[in-house]
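Here is a brief report on one protein model.

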Amino acid sequence: MLTKEYRICMPLTVEEYRIGQLYMIARHSLEQSDAGNGVEVIENKECHDEEHGKGQYTEKRIHLSSIFFFSIQSATILGASVLSEGFLYSGERMELLSIHNNRIYGGYRCSFIPKLNITILTKFEDNPGTSDNCLRVPDATIDERTIDFVDIAFDEVAAKHYKKEEDPKCFKSAITGRGPLIEGWRQTDSPVMCSYKLVQVSFEVWGLQTKVEDFVQRCIRDVLLLGHRQAFTWIDEWHWMSIDDVREYEHKKQEEANQKVLAEQVPASSDPDNVE
């Protein structure tokens, strides 16, 4: 198992981030979907957990017309579908995502690669990534954990994903006045929050384990970087929203995405003019 803790700082408060990530997941699900490919939302509703309290339960299914798992492009598409929450979906179905306060609990299994398992635990805090162990990593695991700071301004994204208007070094928010981000912004800017993400990847297949686990972690990091860059540089589009506003937007975009994804999944035999 390969364990990494990603720390992604943002020039936002935690409350702003909660709105921004919901906006992101809805927008990306729609943008990354087309007929036969993309994210279908099965269920998205409030829930209550005895230990963690009020939360949000989400179940989604990834549709792929052709599967090339060991392809950067396919992995990026899978991740980009939900990158605002920082999750790389590694299979056709997400079993569970529940959000309680500022913690996210997720568990994933890949139906067509059953040996692959990914678990992600997330917590948001109003600090520049200075909490030593806010995710309460047990002693047995903490020595195996690698901490990786993801800098949305100065870590480079792939050239095919780069857009100047989505570059935090160039962007300035018309509504909040935040940006452009300069070297050392995590220590000088205010506000600053951090999304802590403990990601554990397991692929117990002899001869492939190390390569696959490292590949998946790199894909997850790429997804986190791109998505959080966009979350900040799109701030003027969502900053005015309340939680009710963004939930309404989310619901609308989910319906549109579902229609796009399922558009060509009607069996051909249902067409009376298409009979052999």
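## Core, helix and cysteines

Tyrosine 23 is in contact with Trp234, Glu237, Trp238, Met241, Val246 and Tyr249, leaving aside its neighbours within four places in sequence. The model is a predicted one.

Tyr23 also belongs to the largest nonpolar core, which has 51 residues. Together with Met10, Ile220 and Trp238, Tyr23 touches the most other members of that core. Which elements supply at least two core residues each? They are strand S1 (2-10), helix H1 (14-31), strand S6 (116-125), strand S8, helix H5 (209-233), helix H6 (235-238) and helix H7. Helix H5 gives the largest share, with 10 residues.

Helix H7 spans residues 243-261, 19 residues in total. From its first C-alpha to its last, H7 reaches 26 Å, close to the 27 Å expected at 1.5 Å a residue. Its buried residues are Val246, Tyr249, Glu250, Lys253, Gln254, Ala257, Asn258 and Val261. Seen down the axis of H7, these buried residues fall within an arc of 165°, so they line one face of the helix. Asp244, Glu248 and Gln259 are exposed on the other side of H7. Two of the buried H7 residues, Val246 and Tyr249, are among the contacts of tyrosine 23.

Next comes strand S8, which covers residues 193-203 and contains serine 195. Is serine 195 buried or exposed? Serine 195 counts as buried because its relative accessibility is 0%, under the 20% cut-off. Beyond its neighbours within four places in sequence, serine 195 is in contact with Tyr6, Arg7, Ile8, Tyr17, Thr122, Lys123, Phe124 and His228. Phenylalanine 124 is 71 residues away from serine 195 along the chain, yet their C-alpha atoms are separated by 4.6 Å.

How many disulfides does the structure hold? The number is zero. Cysteine 194 is in no disulfide: the nearest cysteine sulfur, that of cysteine 9, is 4.0 Å away.

| Residue | Relative accessibility | Class |
|---|---|---|
| Cysteine 170 | 40% | partly exposed |
| Cysteine 194 | 0% | buried |
| Serine 195 | 0% | buried |

Methods:
Residues are numbered from 1 along each chain as its sequence is written. This is a predicted model: local features need pLDDT of at least 70, side-chain atom pairs count only at pLDDT 80 or more; totals for chains, interfaces and linings use all residues. Side-chain values use heavy atoms; hydrogens and water are left out. A disulfide is a pair of cysteine sulfur atoms within 2.5 Å. Buried means under 20% relative accessible area, exposed over 50%, partly exposed in between (1.4 Å probe, protein chains only). Helices (H or I, at least four residues) and strands (E, at least two) are DSSP runs, numbered from the N terminus. Contact means heavy atoms within 4.5 Å. The expected span of a helix is 1.5 Å times one less than its number of residues. The arc is that of the directions from the helix axis to the C-beta atoms. A nonpolar core is a set of buried Ala, Val, Leu, Ile, Met, Phe, Trp, Tyr and Cys residues joined through side-chain atoms within 4.5 Å.
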